[in-house]
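My notes follow in the order in which I looked things up.

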Amino acid sequence: RNQQDTSTLALMSLSVGFSRDTGGLRDAKRPRFDSVVGLDVAGKLYYCRKSTLLNVRSSYFAARFGPGRTMDPEVDRTDSNGREIYFIDRDPDMFKYILDFLRTRKLPPGLAPFSEDPNLWRALRDEAVFFALDDLIALLNTTYECSPDKCGGKGVLHWLGTKKGTEPYVNPYRSGDLGVSSWVDSVPNTPGLGHSDAKEAFVQYRHQSKFFVKEVLECGRVFGGATDNLTLPNNSKERHPIVIDLRKIRVFPTHFSLRYGGSCVEGGMQGTWKFEGSIDRESWTLLHLGRESDEHNLKHERFLQREIQCENVRLVSKLRETPEANREEIHCDYMETHYRHTWEIIDIDAIHSFYRYFRIIGADPPSDEGKCLRCIGLEIYGRVHEE
């Protein structure tokens, strides 16, 4: 038994020794250059390991402290423990966020949202540029982000209409938070083309109208909005766009969405059309090429599948059975479900920037077919940048 106890004690001793040795081995595996260093940032002292500073390639820290450095590290002094201290002439309060990013490669956890402290974000962007931290710059460039649900839903334009999520929704064109311009701006108060109601409808969230319901009941067919849509001739020698100006923000788009804007006589998106983005309203980047045959949601009823036609008949019956006060909401729900289409921007690599301007423009060659683009309820999704 004594021999067993001795063996057990020896085994426990070996286990404890192995645990300690393992810790020693972990330290031994750490590269020799990975020592703890001090950074004197304009009088405020920070300590970290060199490997933390070298966590991002091609940065200021890699150039100053890395094995292939291109700068002289310039040791300022050593502390009482013999650790080297380097001086950096930058904002000492901002540097804690820089160090947090180097440790996690994520936005610093103590960073308030842009809406709460925009000046802090702006100052940190300047620091990220100085230290050549491209990934942090990219993170700080996005101050808000949204993506669509299966029926479109709330996106950037809705966010603008709520004063960036702080107030009840108001049409962003009416509030002046974005601009809408079209080819008929020189012909004011033109029904169905360029009057203010049509421009509001083009960017309105869940557009509703008693006129829509009235026409559905009288025609017995789906009505998306004749006088409340922007009509673009799609067969002219001169291309006629609808242009959205986001004014104070920029968007890196991932999706966009439109709702059918035709009447019970005329169709929605006829022919070929383009959705484009621009930084300066001069050069345009193609984001999506739309074709009439692609999305039945934006086509006139007579072109739709039989099951959708049956749903349309049921809508008419339901509206007739519904109290007048609730008809607009029911019609809007139906249109959003059956006549809205959301497109993903597939060639995301073609997008090189955040855009201020977006437009829809016809792409067909000149003809005499009289094709037009009719739609309402534009929504854009993606990453937002605020200066």
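**Entry 1: Arg64**

I began with Arg64, which I found in helix α3, residues 60-65; helices here are DSSP runs of H or I with at least four residues, strands are runs of E with at least two, and both are numbered from the N terminus. Before going further I noted that this is a predicted model, in which local features need pLDDT of at least 70 and side-chain atom pairs count only at pLDDT 80 or more, while totals for chains, interfaces and linings use all residues. Residues are numbered from 1 along each chain as its sequence is written, and side-chain values use heavy atoms, with hydrogens and water left out.

A salt bridge needs a side-chain nitrogen of Lys or Arg within 4 Å of a carboxyl oxygen of Asp or Glu.

I then noted that a polar atom of the Arg64 side chain lies 3.1 Å from the backbone oxygen of Phe87. With neighbours within four places in sequence set aside, the residues in contact with Arg64 (heavy atoms within 4.5 Å) include Asp72, Glu74, Tyr86 and Phe87.

**Entry 2: Glu74 and its backbone**

I turned to Glu74 itself, which sits in the loop between α3 and β3 (75-78) and has a positive phi of about 55° although it is not a glycine. Glu74 is exposed, with a relative accessible area of 55%.

**Entry 3: helix α5**

I looked at α5 (residues 118-130), whose 13 residues reach 19 Å from the first C-alpha to the last, close to the 18 Å expected at 1.5 Å a residue; the expected span is 1.5 Å times one less than the number of residues. Which residues of α5 are buried? I listed Leu120, Trp121, Leu124, Arg125, Glu127 and Ala128. They lie on the same side of α5 because they cover an arc of only 165° around the axis, the arc being that of the directions from the helix axis to the C-beta atoms. On the face turned away from this buried side I found the exposed residues Asn119 and Val129. After α5 comes Ala132, whose phi is positive, near 55°.

I next placed Glu386 in strand β14, residues 372-386, where Glu386 is buried at a relative accessible area of 7%. The C-alpha atoms of Glu386 and Thr142 are separated by 7.7 Å, although the two residues are 244 residues apart along the chain. Beyond four places in sequence, the contacts of Glu386 include Arg125, Trp159 and Lys164.

The side chains of Glu386 and Lys164 make a polar contact at 2.8 Å; such a contact is a pair of N or O atoms within 3.5 Å, where within protein one must be able to donate a hydrogen and the other to accept it, and residues adjacent in sequence count only if both atoms are side-chain atoms. I found Lys164 in the loop between α7 (156-161) and α8 (172-175), partly exposed at 37% relative accessible area, and its phi is positive, near 60°.

**Entry 4: salt bridges**

How many salt bridges does the structure hold? I noted 16. Asp79 pairs with Arg83, the closest N and O atoms being 3.1 Å apart; Asp79 is buried at 15% relative accessible area, while Arg83 counts as partly exposed at 29%.

Lys163 forms a salt bridge with Asp177 at 3.0 Å between the closest N and O atoms. Lys163 lies in the loop between α7 and α8 and Asp177 in the loop between α8 and β6 (179-182), so the pair ties together parts 14 residues apart in sequence.

Glu336 and Arg259 also meet in a salt bridge (3.0 Å, N to O). This pair links distant parts of the chain, Glu336 being in helix α12 (residues 324-338) and Arg259 in strand β9 (residues 249-260), 77 residues apart. Both Glu336 and Arg259 are buried.

Definitions and conventions:
Buried < 20%, exposed > 50% of the residue type's maximum accessible area, 1.4 Å probe, protein only.
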